[in-house]
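Hello,

Here is the structure I promised to pass on to you. Please have a look at it first, and then read my notes below.

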Amino acid sequence: MSEHSTYVPGNAAEKWLDERLPVVRFAKEHLMDFPTPKNLNYWWTFGAILVLCLGVQIVTGIILAMHYTPNVALAFDSVEHIRRDVNGGRIIQAVHSVGASMFFAALYIHIFRGLFFGSYKAPREILWILGVVIFILTMATAFMGYVLPWGQMSFWGATVITNIFSAIPVVGESLLQLLRGGFAVGNPTLNRFFSLHYLLPFIIAAVVVLHIWALHVPGNNNPIGVEVKDKRDTVPFHPYYTMKDLFAMVLFMIPFAWFVFFAPDILGHPDNYIQANSQVTPSHIVPEWYLLPFYTILRAVDFNVLFINSQLGGVIAMGLSMLALLLVPWLDTGKVRSGSFRPMFKWFYALFVLDFIALAYLGAQEAIEPYTTLAKVCTGYYFLHFFVILPVLSRIEVAKPLPTSISESVLGKAHS
Amino acid sequence: MTLATQAEHSSTRRDFLYVATGAVGAVGAAAVVWPLINQLNPDASTLALASIEFNLANIPEGQSVTITWRGLPVFVRHRTQAEIDEAKAVPLADLKDPETDEQRTKPGHEQWLIMIANCTHLGCVPIGQSGDFDGWFCPCHGSHYDSAGRIRKGPAPKNLVVPPYEFISDTLVQIG
């Protein structure tokens with residue numbers, strides 16, 4: 001789809017610029033004329049919503065950094081200073097912290113959209129892998145950002161998560177000291193988390209550019225998963241999808257604004273309103289809601305497997321749960337792309353979504369029965385889905401007949 | 001010298017220079033990267049606090065205190081005779097991370113149990129004198145430790161860590 005440039009510089013100035021830096025041509029090709037399947041549904045607008053989310057986080061983050069102090073003695077109070085004294089700080093801080101949740105909500109919808117409609121299948125594997133890379137980078141960024149207010153959950157979250165590295169045989173303990181910059185989570189840890197929390201969003205933005213590049217080479221997937229065959233299957237990105245995306249963004253901003261204005265703290269844990277104390281653990285450590293499924297997988301392994309102890313086992317399981325996402329293009333070898341035409345896949349997909357929600361629920365519960373057993377079952381099913389169900393399904397499933405083209409599916413046979 | 005041998009000769013020489021330059025470059029890059037990584041390690045001000053002295057005289061039997069050493073919480077417990085006997089009675093075969101009570105205390109000072117207070121699973125601080133084994137219980141992920149701080153049940157892989165320490169006198173202990 002790279003041979004669609006119809007741009008003709010309008011005047012002498014544009015022509016002059018085009019021969020030196022074809023930025024207008026680029027915008028015209030990729031943001032305006034870009035031929036996009038005409039049957040994209042609203043699940044596809046979350047890509048644009050995510051760009052909005054990243055932009056909001058970067059802008060509000062830069063502003064917050066102007067008022068925040070990354071020092072263990074002052075960090076907690078400086079956040080309160082932002083919320084109480086800084087002009088409009090109450091709103092800006094809320095937009096940033098609620099924004100993280102909204103970002104992840106959109107991110108999960110975007111990923112599950114891709115999983116249902118087979119957006120990871122050839123020729124879009126690189127696009128999918130870059131997406132998973134963005135997801136992991138975003139989780140790391142969110143985690144480090146959560147540590148900055150230096151509340152009890154922040155501190156103990158940092159302790160628990162950095163402790164993951166101590167599970168690595170032989171070098172674990174030295175690596176842990178290297179990461180923390182001390183024997184325990186402390187001022188050096190806070191300083192470097194602040195530095196990296198500021199840096200990573202720009203790296204994410206760079207990977208997003210690659211992600212969109214990898215999208216614009218093969219072009220968009222679409223709800224029926226049939227490739228674009230001719231010009232009638234597509235519409236120009238602008239104004240058709242720019243307007244649709246804008247409309248979706250406005251709808252997305254309604255719950256966003258509700259949280260910001262009416263319940264800015266509802267998505268966080270109340271214990272984070274207690275200043276960090278290295279001597280006392282909160283009775284129950286939980287991460288933010290968007291990390292819960294992976295947290296459940298981490299702690300579901302509370303038994304030794306051969307020479308792998310329970311701690312390392314949990315870490316490996318959590319790593320594997322993300323690796324499974326990277327491998328999904330090769331685990332699901334079915335030729336039919338869209339889940340809409342895969343009768344069995346549909347049900348297993350629904351079951352997987354429920355399993356994922358259950359994992360999130362269990363991560364917020366205490367480590368007692370029946371939750372610990374349920375967590376093991378749900379973790380087991382997570383891996384079963386990727387490593388057994390998907391490969392087997394793609395072999396035994398008989399897909400429903402596909403429409404011959406996007407136009408036919410939209411307009412009916414008469415018009416095709 | 002024919003043209004062919006000359007070409008062969010110069011290409012070998014060029015290959016050597018190419019590999020040698022690459023090797024020196026790699027060593028140079030590693031030498032530059034190391035200080036950039038090493039700055040992450042604990043700094044001098046952190047290391048300066050690596051060792052402390054602590055007076056045990058004010059802890060009555062059956063009581064514990066939590067002190068800070070290297071930024072880490074440390075439990076200092078004055079164990080009762082019943083707790084010591086209980087810990088000694090446990091057969092090693094019952095333990096996930098087998099260690100005798102003697103290995104975890106100093107001879108002649110069995111009543112003093114000094115341990116880093118972070119659960120060996122993921123670093124939470126367990127609650128004292130609770131759990132199923134009269135020791136410590138970590139509510140985060142459900143690890144139970146016995147009266148010698150040894151892991152008995154739950155996901156933690158190791159016993160609570162005993163830091164390096166020495167008795168300077170009967171009541172004064174140096175940790176670190």
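To follow the notes, you need one definition first: helices (H or I, at least four residues) and strands (E, at least two) are DSSP runs, numbered from the N terminus. Please keep in mind that this is a predicted model, in which local features need pLDDT of at least 70, side-chain atom pairs count only at pLDDT 80 or more, and totals for chains, interfaces and linings use all residues. Residues are numbered from 1 along each chain as its sequence is written, chains are lettered from A and ligands numbered from 1 in the order in which they are written, and side-chain values use heavy atoms, with hydrogens and water left out.

Let me start with chain A as a whole. Its secondary structure comes to 15 helices and two strands. The radius of gyration of chain A, taken over C-alpha atoms, is 24 Å, close to the 22 Å that the globule rule (2.2 Å times the number of residues to the power 0.38) gives for 416 residues, so chain A is as compact as a globular protein of that length. Of those 416 residues, 51% are buried, meaning under 20% relative accessible area with a 1.4 Å probe and protein chains only; exposed is over 50%, and partly exposed is in between.

Now to the largest pocket. A pocket here is an open set of points on a 1 Å grid over the protein atoms alone, where a 1.4 Å probe fits, with protein on both sides within 12 Å along at least five of seven lines; lining residues have an atom within 4 Å of a point. The largest pocket holds about 1200 Å³ of space, a volume being the space filled by probe spheres set on the points. It is lined by 46 residues, and the closest to its centre are Gly47(A), Val51(A), His211(A), Ile212(A) and Leu215(A). Which helix gives the most to this lining? That is H9(A), with eight residues. Among the other helices that each supply at least two residues are H3 (46-65) and H10 (237-262) of chain A. By type, the lining divides into 28 nonpolar residues (Ala, Val, Leu, Ile, Met, Phe, Trp, Tyr, Cys and Pro), three charged (Asp, Glu, Lys and Arg) and 15 polar (the others, Gly among them).

Phe252(A) and Phe256(A) both lie in it, four residues apart, about one turn of the helix, and both are buried. Their ring centres are 6.3 Å apart and their planes at 90°, so the pair is edge-to-face. Pro239(A) is also found in H10, and a cis peptide bond with omega of about 10° joins His238(A) to Pro239(A).

Where does Arg70(B) lie in chain B? It is in the loop between strand E2 (64-69) and strand E3 (72-78). Phi of Arg70(B) is near 55°, a positive value in a residue other than glycine. Arg70(B) is partly exposed, with a relative accessible area of 26%, and lies over the face of Phe183(A), at 4.2 Å from the ring centre.

Best wishes

Terms used:
Phe/Tyr/Trp six-rings, centres within 6.5 Å; stacked < 30°, edge-to-face > 60°. Lys NZ or Arg CZ within 6 Å of the ring centre and 35° of its normal.
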